[in-house]
Amino acid sequence: MALRVPQAGGPQLFKEGYKNLQGLEEVILRNIAATKEMSEITRTSFGPQGRNKMVVNHLGKLIVTSDAATIIRELEVVHPAAKLLVMASQQQEAEAGDGTNTVLIFGSELLQRAEPLLRMGLHPSEIARGFELALAAALKGLEALECDQVASWQSSAEVLKAVRTAVAAKQYGQEAGLSALVAEAVLAAMPSGDPTRFNVDNVRVVKVLGGSLAQSRVVHGMVFPSAPVTSVRRATCVRVAVFACAVDVGQTETKGTVLLHNAGDLLAYTRGEEAQMDAAIAELHAAGVGAVVCGSGVGDLAIHCMNRYGMAAVRCPSKFELRRVCRVLGATPLARLGAPTPEEMGYCDELRTEEIGGDRVTVVRQWSAQEREGRARPAFASRVSASPLATVVLRGATVNALDDAERAVDDGVNVVKALTKDARLVPGACATEMALARVVHAAAEGMGGVAQHAVRAFALALEVFARTLADNAGVDSTALVARLIAAHQGGGAAMGFDVESDHEPRLVDAKAAGIVDPLAVKQWALRYATHAALTVLQVDQIVMAKTAGGPKLPKQQAGHWDNDD
C-alpha cells in the first residue's frame, strides 16, 4: 500500500486548530493500537477466572467489578476508534444482555490480525471483503452447532440450565445459589401464555447489607428497602392510593405575609392547616383507602392523621419503582392529593413489614391462586391478578459485593429474555469459538484470491477466547489451543476448556457438563464485533476540530493567594 507523501505549502482548508491525520501510519495503525489498548483493559476480566478492576469514576465513586459493561460505562473513552468498539459492546448489552466483553476482545483481535496484512500491502477493502465472507461462513456454521434448547419456561430445571453459565461468569463459585434465585424469580414473573412477553423489569433486586450471599432469597411481590412511615405495619385486603405528589400541606407558589395580631390568630392559622389535612385524609378513608404509596415526602401532619384513621403509608422516592408498584397494585398514580376514583385505586392482598438483618423492609404482594383458596377477597379485587413482579433480596458483607451480585442476577435475567426469542443453545467453554475457527479455516481453503488471507486471519482471531481463558486461569494458552484443535479435528465439536485445571490444560465436554450459551448472544457478538472492526479498518482520514470552550484558567500559584511575598 502506497504511503502518502506530505506536500509542502498548499491552501489552508480548515480553521486554525484543526487536526488532519491520514495514511496508513497516522490513522489505521494508530486506531488499531488504540483498540488494542482498550481491549487489554477488559480482557483480563473475561471468563469465570477473570480479575476485578478497581475504577474510580468522575464523581469519586469506587467500583470494583469484573463486568465489562460496567467498566466501559464508567471509563470516559475519548479516542474515536476505541469509542466505536465501546458503542458496539453497548449495543450488544442492549440487544442480548450479555457478551459485551466478547465484542471488545474479538473486535480488537480482528484489527490486530489485520495489521500484518496491511503491512504486507493488502488494501483495507480487500481485508474487509475477506472478513465479511468469513462472518457469513461463521454464522452459517453457528446454526449447525446447536446442542440443546429450552423446552419449557415453566420448568425450573430448564431455566436453571439456561442461566447457570451466565451467572458463573460473574460469580464463579456462587453460581448454584444465585442461579436458583434467578430461576425462581423468572418463573414467578414469566407470563403463562406467551414467553416472548417476558419483561425483565418484572424481576428487581433489593440489596440489604449484612449476612452472606447464601442468605439471599426471592420474595413474590414488591419489596421497599424501608419501613412504613406510619405506625400501621401490616394490612390485608386493602385498597391502595398511589400519589406521585407529596402528601403534605400545600405550599403557595409565591411568597406571602400573614399578619397575626394575637395568640388566637396563631391558633386559628394552625387549626386551618390541621383541618385541611384532616379533611383530605378523611376523604381517602371514606373512599375505602387503607394504604397510601407516596412518590414524594409525607408530612408529619399527614402521618398523624393517617395514624388516627389506621392507614399505612409507604414512601417510594423513585419514579421507576412507583411505576412498578402501580403494575403490582393495578393503580394509577395521581398528581394531586384527593380521593381516587374506583378505576384509579389499586388493591393489595398483603402489606407487611419484615426485618432482614438489622433493616426493616416493606413487602407489597398479591396472593397466589393456592393462597386464595379458603380466603375471602372483596369483589373489587377481581381485576387485580397475582403479582407479576418478583424481588431478589440479596445479602452481602460489602456494598461492592452486593453490586457485583446484582450484575450477575441482571445478566441471568437478560439471558432469559434473549432465550425467549430464540431458545437454541450452543456449547460454552470456548467450544463454539474453536468449532467456528475450524469451519472458517475450511472455508478459506476453498477460496482463491487475496481475500483468503483475511478469512484465515478471521479464523485465527476466533482462537483468542481460548487463549484469554487460559491466561486468566494461569494455564499455558499455547498448549490449550493445540489440544482444542486436535480434539475438534477428531470430531469433538463440544470439547471446551475446563477452568478448574491446575497447571496443565484439561478439556471437558461442555454439553455433558451443562456449560451452554445462548446461540443468539454468540450471533449478535460476532456481528457487532466484525462490523465495528470493519468500520475502524475502512477509516483512512481523521479530521478533528478544535475543542470548544473559553480560554483556560491560569495556573494557580503555590501557597495561599493572600500571602504577598
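**Exercise 1. Ala520**

Task: Is Ala520 buried or exposed in this predicted model?

Solution: 
- Start with the place: Ala520 belongs to helix H18, residues 519-537.
- Take the cut-off: buried means under 20% relative accessible area.
- Ala520 has a relative accessibility of 9%, so Ala520 counts as buried.

Task: How far apart are Ala520 and Ala282, in sequence and in space?

Solution: 
- Along the sequence, 238 residues separate Ala520 and Ala282.
- In space, the C-alpha to C-alpha distance is 56 Å.

**Exercise 2. The whole protein**

Task: How many helices and strands are there, and what box do the C-alpha atoms fill?

Solution: 
- The protein has 18 helices and 18 strands.
- Along the principal axes, its C-alpha atoms fill a box of roughly 95 × 80 × 45 Å.
- The protein has 565 residues, and 48% of them count as buried.

**Exercise 3. Two helices**

Task: How are helices H4 and H14 set relative to each other?

Solution: 
- Locate them: H4 covers residues 100-120 and H14 covers residues 451-461.
- Their axes come within 9 Å.
- The crossing angle is roughly 140°.
- Roughly antiparallel would need an angle over 145 degrees.
- H4 and H14 are therefore oblique to each other.
- The handedness of this crossing is right-handed.

**Exercise 4. A pair within one helix**

Task: Why are Glu321 and Arg324 separated by about one helical turn?

Solution: 
- Both residues sit in helix H10, residues 319-329.
- They are three residues apart there, which means a separation of about one helical turn.
- Glu321 is buried because its relative accessible area is 16%.
- Arg324 is buried too, with a relative accessible area of 14%.

**Exercise 5. A pair across the chain**

Task: Which parts of the chain does the salt bridge of Arg234 and Glu350 link?

Solution: 
- The two side chains meet at 3.1 Å, N to O.
- Arg234 is in strand S8, residues 234-243.
- Glu350 is in strand S11, residues 346-356.
- The partners are 116 residues apart, and the pair links distant parts of the chain.
- Now compare cover: Arg234 counts as exposed at 52% relative accessibility, whereas Glu350 counts as buried at 8%.

**Exercise 6. From pair to network**

Task: Which residues are linked with Glu350 in a network of salt bridges?

Solution: 
- Begin with another partner: the side chain of Arg352 meets Glu350 in a salt bridge of 3.3 Å, N to O.
- Arg352 is buried, at 16% relative accessible area.
- Then widen the view: the network links Arg217, Arg234, Glu350, Arg352, Glu354 and Arg365.
- For the total, the count comes to 28 salt bridges.

**Exercise 7. A surface patch**

Task: Which residues make the nonpolar surface patch of about 390 Å²?

Solution: 
- The patch is made by Leu13, Phe14, Tyr18 and Val543.
- Pick out Phe14: this residue lies in the segment before strand S1, which covers 19-22.
- Phe14 has 33% relative accessibility, so Phe14 counts as partly exposed.
- A patch residue needs over 30% relative accessible area.

Key
Residues numbered from 1 in each chain as written. Predicted model: local features only at pLDDT ≥ 70, side-chain atom pairs only at ≥ 80, totals over all residues. Heavy atoms only, no water. Patch = residues over 30% accessible without salt bridge, like charges linked within 9 Å, V, L, I, M, F, W, Y side chains within 5 Å. Areas by Shrake-Rupley, 256 points an atom, 1.4 Å probe, with all protein chains shown as cover. Salt bridge = Lys/Arg side-chain N within 4 Å of Asp/Glu carboxyl O. Helix = DSSP H or I, 4+ residues; strand = E, 2+ residues; numbered from the N terminus. Buried < 20%, exposed > 50% of the residue type's maximum accessible area, 1.4 Å probe, protein only. Axes fitted to C-alpha atoms, helices over the stretch in contact; angles between N-to-C directions. Parallel < 35°, antiparallel > 145°, perpendicular 65-115°, else oblique. Left-handed = near helix turned anticlockwise from the far one by under 90°.
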